[in-house]
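Subject: Structure for your files

Hello,

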Amino acid sequence: MADEAEILELGGREVRITSPGKVLFEERGETKLDLVRYYAAVGDPLLRTMGGRPVLMQRFPQGASGKSFFQKRVPDNAPEWLATTIVQTVNGTPSRALVIADLAHVAWAVNLACLGFHVWPSMADDQEHSDELRLDLDPMPGTTFEMVREAGRELRALLDELGIASYAKTTGSKGLHVYVRLEPRWTPYEVRSCAVAVARELERRRPDLLTAAWWKEERGERIFVDYNQNAPHKTVFGAWSVRARKGAQVSAPIRWDELDDIHPDDLTIPVVLERLERDGDPWIDIGPQTLEPLLEWHERDTAAGLLDAPWPPVYPKMPNEPPRVAPSRARAVPED
């Protein structure tokens, strides 16, 4: 079966799946065809979160346990019907990226051994505006998932105070992603500024649990609120996408009221399919909201004299950014 091809009809198109029996997850035995069928089964909620967006493909030719590479450009031999758009990567290089127009596009990518998708925070037809704020609760060494849960509750409460509805998903690994769907009115720079303001406010409220420190040496055993996931041209691992882990864990949307009852390691392909069939889409009512309250927080912090938070090294130096050097290295430089 691994050498035969199978034709599937998805999104009104016929998609050829080569080597459908190729095992992608050795420990569990899921094949390429199993993965395509998983994405078809979660198709409606998947397209509500990913539909119309550019994606970055991470390919695993030897399966989840093998080496991978990021493919930024759609190959020249792609089918004529494939939707694409020109995007810029974080270093400013333009590339022709896949757009998830329908399930046929998902299956085409999976056929190339793309297990999950790294998704842009904007629609392909309006890349000047981010329509998602994405807050990554990233556990540092020495922390636990119970601490991630507590961090998620703190973040939700903060956004609730401002009347901003938030939606959580597991990362498929150790952390938690919290999304706010936005009106497409703000640039990625403005959205990132709001993420910085959220991270700093969380650190003020719970310095024992949460940190906005960009430099790892300053984070300690706390949960890092990674605001730079909102930097221009930055992608985040998408909702419903399958991680390259032995257990085929999914970056699974969850309801806030079940946060205490789930663990990311348990949310494998069959478990997520069962949850969706039983409980429906936890993000069914996600809709566009305003950033105004968070922009006011950013303006408050700027007026108080706070500099911008550090950017990743691949970005050019930004206005009002502090020196891009770790504190320990800065202290080691002798004074003139």
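Helix axes here are lines fitted to C-alpha atoms over the stretch in contact, and angles run from 0 to 180 degrees between N-to-C directions. Helices (H or I, at least four residues) and strands (E, at least two) are DSSP runs, numbered from the N terminus. This is a predicted model, in which local features need pLDDT of at least 70 and side-chain atom pairs count only at pLDDT 80 or more, while totals for chains, interfaces and linings use all residues. Residues are numbered from 1 along each chain as its sequence is written, and side-chain values use heavy atoms, with hydrogens and water left out.

Helix pairs

Helix α1 (residues 32–41) packs against helix α3 (residues 103–111) at about 160 degrees, and their axes are 10 Å apart. The two are therefore roughly antiparallel (over 145 degrees; under 35 is roughly parallel, 65 to 115 roughly perpendicular and the rest oblique). Contact means heavy atoms within 4.5 Å. On the α1 side, Lys-32, Leu-35, Val-36, Tyr-39 and Ala-40 meet Leu-103, Val-106, Ala-107, Val-110 and Asn-111 of α3. These residues divide into 8 nonpolar, 1 polar and 1 charged (Ala, Val, Leu, Ile, Met, Phe, Trp, Tyr, Cys and Pro count as nonpolar, Asp, Glu, Lys and Arg as charged, and the others, Gly among them, as polar).

Helix α4 (residues 145–161) and helix α5 (residues 188–205) cross at roughly 115 degrees, their axes coming within 11 Å. That makes α4 roughly perpendicular to α5. Glu-154, Leu-155, Leu-158 and Glu-161 of α4 make the contact with Val-198, Glu-201, Leu-202 and Arg-205 of α5. By class, this contact has 4 nonpolar, no polar and 4 charged residues.

Loop residues

Thr-171 lies in the loop between β11 (167–170) and β12 (176–186). Thr-171 is buried, at 6% relative accessible area (buried is under 20%, exposed over 50%, partly exposed in between, with a 1.4 Å probe and protein chains only). A polar atom of its side chain lies 3.0 Å from the backbone nitrogen of Ser-173, and the side chain of Thr-171 also reaches the backbone nitrogen of Gly-175 at 3.2 Å. Beyond four places in sequence, contacts of Thr-171 include Asp-136, Phe-237 and Arg-243.

Gln-127 sits in the loop between β9 (114–119) and β10 (130–139) and is partly exposed, at 25%. Its side chain has a polar atom 3.2 Å from the backbone oxygen of Ile-86.

Regards

Terms used: Polar contact = N/O pair within 3.5 Å; in protein donor to acceptor, adjacent residues only side chain to side chain.
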